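Please read this short report with the structure open beside you. Follow each part in turn as the text names it.

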Amino acid sequence: MHGEPAAEPGRAVVVPDSPSDDGTPSDGAPSDGAPSDGAPSDGAPDAAARSGAPAASPESVAPTELAAPTKPDTPTQPNAPTGPGLPAALARLRAAVAAVTYPLVMPSADEARRVARGVVTQLDDYLLPRLARLDAPLLVVVGGSTGAGKSTLVNSLVRARVSAAGVLRPTTRSPVLVCNPADSGWFRQGELLPGLTRTAEPTDEPDTLQLVAAPALAPGLALLDAPDIDSVVDANRALATQLLAAADLWLFVTTAARYADAVPWELLRTARARGTVIALALDRVPPEAADEISAHLSEMLAANDLAAAPLFVLPETEVDGQGLLPEPVTAELREWFDRLAGDAAARAAVVRQTLDGALAALVPAVAGLATAADEQAAAAATLTERVRGAYRGARTGVEQAMQDGRLLRGEVLARWQEFVGTGELFRTLEARIGRLRDRVVAGVTGRPGPGRQLQAAIESQLVTVLREAAAEAAELAYTGWQAHPAGAALSTPELGRPSDDLPDRAERLVRDWQRDVLELVRAEAGERRFVARTAAYAVNATGLAVMVAVFTATAFIPTGLEVAAAGGTTVAAQKVLEAIFGDQAVRNLANKSRAGLLGRVDALFEAEAARYSARIEAIGVTPAADAGGAVAATTDGAATTEHAAATEHAAATDGAVMSVADRLRGAAAEVEQERMRAQLTEGTPLTLPAVAS
Ligand SMILES: Nc1nc2c(ncn2[C@@H]2O[C@H](COP(=O)(O)OP(=O)(O)O)[C@@H](O)[C@H]2O)c(=O)[nH]1
Ligand SMILES: [Mg+2]
């Protein structure tokens with residue numbers, strides 16, 4: 001299928017699928033193009049190898065060592081490459097960037113996701129393969145707005161209709177890469193732009209790149225006809241951006257009518273800021289307006305710090321039968337490309353400048369990602385704290401209910417009074433406690449019915465308090481989340497109510513606690529004489545008295561409120577217990593029981609709160625408070641410029657406590673250090689061929 005010649009007229013042929021083609025750059029220019037043994041031997045890009053096995057040793061990027069054959073490092077861990085060197089640092093940065101998501105709805109999240117995708121894509125598409133093969137053919141991406149004449153210009157430059165021109169297409173169509181047949185191996189093997197499937201024919205399939213070999217194009221330089229940067233089709237615009245990010249040189253095509261459009265200038269400024277090498281073609285210029293328009297455009301270029309960019313002015317003409325511009329119109333541009341293609345040093349300088357600029361641009365991009373990651377962690381912490389606060393409040397509410405006598409009103413109070421018998425007993429109890437000890441025991445042991453009813457009353461009262469507290473907390477937490485954009489996006493209405501099985505769990509909690517209390521009483525009473533003389537029921541009854549005592553947390557010093565609420569009966573309960581156990585034992589029992597109950601309440605509410613935190617955990621964001629610890633070390637590391645310090649820093653902050661944002665900052669700092677060490681542009685100043693006129 002790849003072997004068929006191009007159907008298009010002209011000299012262009014479809015790139016043959018030649019097994020003997022090893023992708024070695026065509027010119028082998030000794031100044032920068034010694035065959036590299038780091039070149040992959042087959043056309044199948046291997047993502048793991050790309051990210052994990054830098055194809056160039058660190059020395060290979062130093063300008064003086066460029067011509068030296070490079071040896072691929074042997075990867076130890078495919079996803080966490082270690083060791084020095086720019087490729088390894090980039091692979092680590094790639095892993096760090098790819099590991100971070102920005103799932104919480106935040107003002108910075110959309111942009112961060114877009115930037116992160118762009119960084120990873122550019123690393124895969126361009127930075128890593130280009131760094132591994134600085135000598136590979138130069139890729140010129142032809143970009144510009146719809147109808148500017150990009151395809152027509154590419155076709156005219158190679159004197160063949162390789163790219164469909166004048167088509168208004170609502171769908172994505174594979175971009176066309178044209179190169180000299182000698183360079184086709186490199187572009188076909190897919191080191192560069194590995195996510196695009198190479199095709200020999202035009203196709204509407206997404207993520208494809210049509211390769212066309214054109215002998216008319218000099219070896220060493222390829223043209224890529226990119227989709228419109230202002231396309232109404234999102235996928236086209238995204239692809240145009242992706243391709244421009246993989247360019248060694250932008251040829252920016254605009255027209256006399258469109259050159260002041262905002263979108264292109266936005267892109268040009270960004271490209272300029274990062275040092276991308278840019279040339280401009282001002283197309284379809286009416287001869288009578290040529291001076292005026294090119295003067296104005298030159299002004300605009302100067303104002304945007306682009307005065308040095310070569311500018312080619314192409315007069316308006318008719319296209320020929322093949323849709324090509326007359327040869328003289330494109331002659332200047334073609335000669336310029338020919339000179340650039342033939343000048344290995346100039347090409348190397350272009351590659352190095354664009355590459356170095358793109359690498360330098362990673363630092364602010366990743367800094368933005370780190371900030372967005374911090375904001376995610378901070379938002380997660382805020383949301384977590386709102387939930388914690390709500391359930392802390394619920395716990396406090398239950399604790400207060402235990403202390404303010406609320407639990408001793410109504411049914412519980414009535415059952416307690418019934419349980420302990422007539423008020424008579426207790427009115428006399430205080431004075432005759434010693435003598436009445438045995439009678440008290442008899443009293444509490446002799447009424448099984450009221451005991452069970454009291455127990456049920458305590459249970460239902462406590463369950464009610466727990467359910468109300470849980471309902472209040474759920475509502476408060478829900479309201480808190482609704483008031484936060486990220487929380488609103490994460491929450492669903494059922495979070496605003498206690499979980500469905502909360503009533504069951506609350507009932508079980510109370511019963512389990514009541515059992516605990518009886519266990520305690522049994523243990524405490526074990527050594528006491530009275531137990532020997534009483535039935536198991538006495539333990540039950542005493543346990544109930546302990547429960548009642550628990551609900552008077554003023555530690556047996558009745559407040560006015562408490563006395564009013566319980567009518568003095570809690571004091572009586574205490575006296576009964578003291579009569580049986582003695583003062584200190586009662587205190588211990590009540591305290592232990594209270595602690596036991598609160599512990600169970602905490603667990604209940606933690607489970608309720610976990611419904612919320614599970615939503616944050618599910619999307620993989622670690623709340624800021626849980627991620628601290630290594631902040632100081634990271635800041636130190638990021639500030640240093642010494643490689644040794646960077647390595648140390650990486651080791652020192654490689655703990656589990658390091659936040660994802662700090663990981664990003666550390667990885668970016670390492671890349672920046674390695675970029676400066678590599679001195680990509682040192683000794684290779686950009687000297688583009690001169691533009692006539
Ligand atoms: N008359 C004339 N038509 C041109 C010229 N350049 C491009 N066109 C036409 O303008 C239309 C859009 O051109 P095309 O190359 O597809 O623009 P693209 O969208 O930037 O690729 C096509 O119909 C071309 O034939 C030119 O210099 N002169
Ligand atoms: Mg086009």
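## Two crossing helices

Helix 4 (residues 150–158) and helix 9 (residues 327–342) have axes that come within 10 Å and cross at roughly 70 degrees. That makes helix 4 roughly perpendicular to helix 9. The terms for angles are these: under 35 degrees is roughly parallel, over 145 is roughly antiparallel, 65 to 115 is roughly perpendicular, and the rest is oblique. Axes are lines fitted to C-alpha atoms, for helices over the stretch in contact, and angles run from 0 to 180 degrees between N-to-C directions. The crossing of helix 4 and helix 9 is right-handed. A right-handed crossing has the near helix turned clockwise from the far one by less than a right angle; in a left-handed one the turn is anticlockwise.

Which residues make the contact between helix 4 and helix 9? On helix 4 they are L153, S156 and L157. On helix 9 they are T330, L333, R334 and F337. Two residues are in contact if their C-beta atoms, placed from the backbone, lie within 7 Å.

## The model as a whole

This is a predicted model, where local features need pLDDT of at least 70, side-chain atom pairs count only at pLDDT 80 or more, and totals for chains, interfaces and linings use all residues. Residues are numbered from 1 along each chain as its sequence is written, while chains are lettered from A and ligands numbered from 1 in the order in which they are written.

The protein chain has 25 helices and nine strands. Both are DSSP runs, numbered from the N terminus: helices are H or I with at least four residues, strands are E with at least two. The chain has 693 residues, and 48% of them are buried. A residue is buried if 20 or more other C-beta atoms, placed from the backbone, lie within 10 Å of its own; 12 or fewer means exposed, and in between means partly exposed. Take the contacts between residues at least 6 apart in sequence: 79% join residues at least 24 apart.

## An enclosed strand

Look at strand 2 (residues 138–144). Seven of its seven residues are buried, so strand 2 is largely enclosed by the rest of the structure. Both faces are covered. L138, V140, V142 and G144 lie on one side, and L139, V141 and G143 on the other.

Strand 2 runs parallel to strand 6 (residues 221–225), with five bridges joining them. Strands pair if DSSP finds at least two bridges between them. V141 has L224 as its bridge partner, and V142 has D225. Strand 2 also pairs with strand 7 (residues 249–255), in the parallel sense, over five bridges. There, G144 stands opposite V253.

## Its partner, strand 6

Strand 6 is mostly covered, with five of its five residues buried. L221, L223 and D225 point one way, while A222 and L224 point the other. Strand 3 pairs with strand 6 in the antiparallel sense, over three bridges. L224 of strand 6 is the bridge partner of L177.

Helix 10 (residues 344–403) and helix 25 (residues 660–678) cross at roughly 170 degrees, and their axes come within 8 Å. The two are therefore roughly antiparallel to each other. Their crossing is left-handed. The contact includes L359, V363 and V366 of helix 10, and A661, L664 and A668 of helix 25.

Q455 is found in helix 14 (residues 448–482). Q455 is buried, with 21 other C-beta atoms within 10 Å. Beyond residues up to four places away in sequence, Q455 touches Q514 and L544.

L193 has a phi near 45 degrees, a positive value in a residue other than glycine. L193 lies in the loop between helix 5 (184–189) and strand 4 (197–199). R284, in strand 8 (residues 277–285), has a positive phi too, near 55 degrees. Both are buried: L193 has 25 C-beta neighbours inside 10 Å, and R284 has 20.

The mean pLDDT of the protein chain is 79, and 71% of its residues reach 70 or more. pLDDT is the predictor's confidence in each residue, from 0 to 100. Which elements have the lowest and highest mean pLDDT? Helix 23 (residues 631–639) has the lowest, at 35, and strand 3 (residues 176–179) the highest, at 98. Over residues 627–655, pLDDT stays under 50. Where pLDDT is low, the predicted coordinates should not be read in detail.
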